[in-house]
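Please read the following briefing alongside the sequence and the coordinates.

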Amino acid sequence: MTSRPLPVLGALAAGAVLLATACAPADDGASGPDGENIVECTPGGLPTLTEGVLTIGTDSPAYPPWFSEDDPSNGEGFESAVAYAVAEELGYGPDQVSWTTVAFNSAIQPGPKEFDFDINQFSITEERARAVDFSSPYYDVRQAVVALAGSEAAGASSTADLAGLTIGAQVGTTSYETLLETVDPENEPLVYNNNDDAKQALENGQVDAVVFDLPTAFYITSAELEDAVIVGQLPRTEAAAEQFGLVLDLDSPLTDCVSAALDALRERGDLAALEQEWLAEAADAPELD
């Protein structure tokens, strides 16, 4: 685990903020009218893994534009910035934040967690919510198709044009689920453990295209694969509507406080400002019919 100070975000309120709407202040051991424990949303009141420290998990490698230089602790990249914003809203300064590496699939499995919350492009789904808690959403997600320039897939203008091709996605992700739902491919999609493996498969010609979330697709095509292009965004459907949330242990006493922190950041416009700073390019991509 690592922790490292970084500049305080100027848009955020100074000092600890008591989020009374979700977590009422109380003395240790106090109970509500139904006998439930009441958690105070401050470093002195939150039952974190380590007293006075907020432990945040994410996977490794930590990819741009969500993180920068594979270093979640530097405060750069959208999700690193969001994590520190939530921490500050709860009253934890940068030197009170500790990061730990947790594999994507491990974070959403049932069982005790080695983090207070995890941030790693986790889409909120009913199935996952049976094993873990989710916070309020912090990002509305679209999925996009990436292919090599000049390929048959690169010329697609509709999901029907993609249906007969071989397409890949990371296993256990909503990229894969959205691919199945919106494209209904004739060939069984190929699945990969992480984005690096999926990119390598595309470069090697093992797949015609790969599905990523839109900001990741922009980064891959602009900074990692010079001969790759964004074919387009997959259609937005009610079933495929997608939002990212922070993951916590099932029935975690921190969930309400973390959600209230995100709600406050959203209402003040801080989440929108961070999205504009780190993900602005993702607004421009063609739509697939």
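Leu148 stands opposite Ala228 in strand S9, where strands are DSSP runs of E with at least two residues and helices are runs of H or I with at least four, both numbered from the N terminus. The model is a predicted one, in which local features need pLDDT of at least 70 and side-chain atom pairs count only at pLDDT 80 or more, while totals for chains, interfaces and linings use all residues. Residues are numbered from 1 along each chain as its sequence is written, and side-chain values use heavy atoms, with hydrogens and water left out.

**The five-stranded sheet**

- Strand S5 (residues 143-148) pairs with S9 in the antiparallel sense over five bridges, pairing being assigned if DSSP finds at least two bridges between two strands.
- These strands belong to an open, five-stranded sheet of mixed pairing, with the order S7-S6-S8-S5-S9; S7 (190-192) and S9 (228-233) are its edge strands, each pairing on one side only.
- On average, neighbouring strands of this sheet are turned by 30 degrees against each other, direction ignored, with axes being lines fitted to C-alpha atoms (for helices over the stretch in contact) and angles running from 0 to 180 degrees between N-to-C directions.

**Helices across the sheet**

- Helix H5 (residues 195-203) lies across S5, S6 (167-170), S7 and S8 (209-213), and runs at about 150 degrees to S8.
- Helix H6 (residues 214-224) lies across S5, S8 and S9, and its angle to S8 is about 125 degrees.

**Nonpolar cores**

- A nonpolar core is a set of buried Ala, Val, Leu, Ile, Met, Phe, Trp, Tyr and Cys residues joined through side-chain atoms within 4.5 Å, and buried means under 20% relative accessible area (1.4 Å probe, protein chains only).
- The largest such core has 37 residues, of which Val82, Val86, Leu90, Phe117, Ile119 and Tyr138 touch the most other members.
- Helix H1 (78-89) is among the elements that each supply at least two residues of this core, and H1 provides the largest share, eight residues.
- Neighbours within four places in sequence aside, Val82 is in contact (heavy atoms within 4.5 Å) with Ile119, Tyr138, Leu262, Leu271 and Leu274.
- A second, separate core of 18 residues includes Leu148, Leu214, Ile230 and Ala285.

**The chain as a whole**

- The protein chain has eight helices and ten strands, and 54% of its 289 residues count as buried.
- Among its contacts between residues at least 6 apart in sequence, 71% join residues at least 24 apart.

Definitions and conventions. Buried means under 20% relative accessible area, exposed over 50%, partly exposed in between (1.4 Å probe, protein chains only).
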